[in-house]
Every structure is written in C-alpha cells, then in structure tokens.
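Please keep the model in view while going through the numbered points.

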Amino acid sequence: MLKKNVFCVICVMLLVLGPFCLYANGQQDADGSGTVKIGATIYKFDDNYMSFVRKAFEKAAVGKVDLLLADSMNDQSKQNDQIDTYIVKGVKALAINLVDPAAAGTVVEKARKADVPIIFFNKEPAADVLKSYDKCWYAGITSREFAVMEGELIVDAWKSNPKLDKNNDGVIQYVMLKGEPGHADAEVRTTASIETVEAAGISVEQLELQTGMWDSSKGKDLMETWLAKYDDKIEFVIANNDAMALGAVEALKAAGYFSGDKYMPVVGVDGIPEAVELIKKGQMLGTVLNDPKSLGVATFDLVQNVANGRDPLAGTKWTFGKNKDVRVSCVKITKDNLDLAVEAYSD
Ligand code: GAL
Ligand code: CA
C-alpha cells in the first residue's frame with residue numbers, strides 16, 4: 001500500500017513538475033508546447049561579413065531553440081514589422097541586427113511593452129538607449145581596436161616601402177571608402193585609422209572620402225570615378241571593410257594596376273575569403289580579422305540565456321564591458337598569417 005502511494009505521488013510530481021523542469025533546461029516553452037522561440041533579424045542577408053555571422057548563429061541554434069530568422073533587406077520599416085510579428089508569435093527573446101542604428105530606441109520600446117529581452121548585435125545602439133531598458137544588451141566588436149590596427153597596417157607598409165610615396169612629398173595622398181554613416185564601426189574606422197597614421201608621425205592628405213555602404217559594387221564605382229579624376233596621384237586606398245576593398249581592387253585591375261610596376265596599396269577590415277585571396281596575390285596589403293564565428297556564437301549564447309530567464313552571461317565564456325556589451329577582439333592579417341582568417345571563416 002505504502003509503495004503504491006509513493007509511486008502515485010512520484011507520478012503526480014512528474015506530471016506537474018516535468019514541463020517546468022524542461023523549461024528550466026531551456027528545452028521547452030512555458031506552455032510545454034515546444035522549444036523556446038527566439039526572433040532574430042539580419043540587416044541584410046547579402047552583406048558579406050554578416051552572412052558568415054548568420055551561419056555561425058544558425059549553427060549554434062540548431063536543436064536548442066525554435067529560431068525565427070528574417071532578412072530585413074536593408075529596410076528599417078520592414079525590420080520593425082518583423083519584430084512586431086515576432087512579438088505576436090510569442091518569442092521569448094529578440095536578437096536584432098538593426099538596419100539603422102538610430103532606430104534602436106523604437107525597437108526597445110516595442111520590446112519593453114511586450115516585456116521581451118533584446119540582444120542587439122553588430123550595429124551598436126547609442127549608449128543611452130542600451131541603458132534605458134534593463135533587458136537589453138549588445139554583442140559587437142572592439143570598434144576602436146580594429147581602426148587602430150588598420151592604421152598600423154598603413155604605417156608599417158608606408159615606413160617599409162619608400163616607393164609608396166609616388167610624388168615624394170612625404171605625405172600619403174589617400175582615398176577613403178567609408179561604411180554606413182552613423183554606424184559606430186564605420187565612424188571610428190574612418191577617423192581612428194587616420195589618427196593612428198598621424199600619431200606615427202606621417203602626414204596625410206585626404207583626396208576623397210565617400211560612403212560605399214559596406215558594398216563591393218559601390219566601392220568599385222567610387223574607385224573608378226576617383227581613378228578617372230586623380231589617376232596615379234592616389235597613393236593609398238583605405239576601406240572600412242573588405243567588401244568595398246574588393247570592389248576597389250577590381251576597378252584598379254581594370255585600370256592596369258597590379259601588373260608590371262603599377263601598384264596600389266589597399267587595406268580593409270574583416271578577413272573574408274575573397275580578401276584572403278587578394279592578399280595572397282599581392283593585390284591587397286592586409287586586413288583586420290573580424291571573427292564572425294565569435295560574434296555569431298556570442299549573440300546566440302546571450303539570447304538563449306535571456307530567452308530562458310537566465311543571466312545573459314550564465315555559463316558562457318563572455319564578459320561585459322562598461323556598457324552591458326560583449327566585444328569580440330581582432331588580429332592584423334597580412335600575407336604572413338592568412339591561415340588565421342581562413343580558419344575564422346571556415347565552417
Ligand atoms: C562591420 C563589418 C562590415 C559590415 C558591417 C555591417 O562590422 O566590418 O563588413 O558587415 O559590420 O553592419
Ligand atoms: Ca605622397
């Protein structure tokens with residue numbers, strides 16, 4: 001009799017507590033109907049670097065959460081709609097790669113109303129927006145460190161190769177391909193790369209600075225225009241990312257560069273496979289490795305935790321900086337350590 005009673009009590013406990021135990025493990029939704037739902041957006045799927053971040057994020061999510069993932073197609077109002085839909089569908093957390101960093105406040109208000117936590121990633125919201133909602137955090141990169149390293153690539157090349165000063169005036173005549181204006185990474189890469197060069201005692205003259213919006217074909221168009229205007233007065237091409245550098249190299253090749261002694265130093269940021277190929281061929285000087293796996297995994301770790309009501313960093317290897325932010329660090333890449341970039345961008 002006693003045995004029978006104990007057995008019944010255990011059965012009842014299993015029935016009642018079972019779903020909660022599973023929920024606590026992050027395997028099951030509160031209503032016991034399936035895995036925890038997470039809503040994620042990427043600002044546009046056809047951004048080179050973000051396509052690798054997405055791959056790492058999706059891979060980390062397999063079997064762990066019910067992931068809803070949308071391409072915001074570079075349209076903030078589309079992204080706002082996607083977020084509304086996610087909230088209606090009952091997501092337990094959001095991982096948002098903003099289209100427009102300035103839209104962070106609007107997104108926070110949506111999440112706050114629905115009491116849903118958010119992990120922003122790659123496009124950094126203003127610090128006061130992050131502070132304004134206790135359930136929002138940021139995963140990104142050490143923006144300034146990337147910019148300084150890009151500057152150091154320029155300094156090293158300039159100091160070790162006097163021929164780069166084509167007109168022998170001791171000044172670097174450069175053109176700058178800027179990423180998206182208002183994007184923290186683009187702003188700081190544009191200024192801090194040059195500040196680093198100047199801090200090394202090198203004078204610079206900016207011939208052109210325009211935005212190529214992180215995009216190869218825009219980089220190519222701008223470079224064509226600048227070559228038509230300045231031809232070999234340009235001594236350095238500085239791009240905020242590899243995609244735009246790739247476009248510039250295409251324009252340079254079409255104008256006869258990289259054959260005979262017609263040369264142009266080009267630097268970028270990211271370390272994408274196409275840039276690695278160009279560095280190998282001597283058609284790009286170097287880049288700064290932006291490790292997409294680390295960002296994808298960090299974003300997933302945080303969003304999975306908060307979706308399950310845990311501390312964002314619980315059980316992860318990440319730590320916060322000053323402003324509820326996790327930052328992935330960088331490495332300078334030249335022809336001597338290409339393997340690091342190859343590894344970071346492999347599956
Ligand atoms: C940067 C990256 C760029 C571009 C951008 C998108 O960190 O270097 O290539 O992907 O993010 O926001
Ligand atoms: Ca010069």
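1. A polar contact is a pair of N or O atoms within 3.5 Å; within protein, one must be able to donate a hydrogen and the other to accept it, and residues adjacent in sequence count only if both atoms are side-chain atoms. In this predicted model, local features need pLDDT of at least 70 and side-chain atom pairs count only at pLDDT 80 or more, whereas totals for chains, interfaces and linings use all residues. Residues are numbered from 1 along each chain as its sequence is written, and side-chain values use heavy atoms, with hydrogens and water left out.

2. Which side chains approach oxygen atoms of ligand 1? His183 places a polar side-chain atom 2.8 Å from an oxygen atom of ligand 1. For Asp47 the corresponding distance is 2.7 Å, and for an N or O atom in the side chain of Asp185 it is 3.1 Å. The protein covers 99% of the 310 Å² of accessible area that ligand 1 has on its own (Shrake-Rupley method, 1.4 Å probe).

3. The shell around ligand 1 (residues with a heavy atom within 4 Å of it) includes Tyr43, Lys123, Arg189 and Trp214. Its residues divide into 3 nonpolar, 4 polar and 5 charged. In this grouping, Ala, Val, Leu, Ile, Met, Phe, Trp, Tyr, Cys and Pro count as nonpolar, Asp, Glu, Lys and Arg as charged, and the others, Gly among them, as polar.

4. Asn122 is another residue around ligand 1. It is found in the loop between strand E4 (118-121) and helix H5 (127-132); helices (H or I, at least four residues) and strands (E, at least two) are DSSP runs, numbered from the N terminus. Is Asn122 buried or exposed? Asn122 is buried, because its relative accessible area is 8% (buried means under 20%, exposed over 50%, partly exposed in between, with a 1.4 Å probe and protein chains only).

5. Most residues other than glycine have a negative phi. Asn122, however, has a positive phi of about 70°. Lys324 also has a positive phi, near 50°, and lies in the loop between helix H11 (292-307) and strand E11 (325-328).

6. Glu250 belongs to helix H9 (residues 242-254). Its relative accessible area is 47%, so Glu250 is partly exposed.

7. As for the chain as a whole, it contains 12 helices and 12 strands. Of its 347 residues, 51% count as buried. The C-alpha trace spans about 100 × 35 × 35 Å along its principal axes.

Notes. Chains are lettered from A and ligands numbered from 1 in the order in which they are written.
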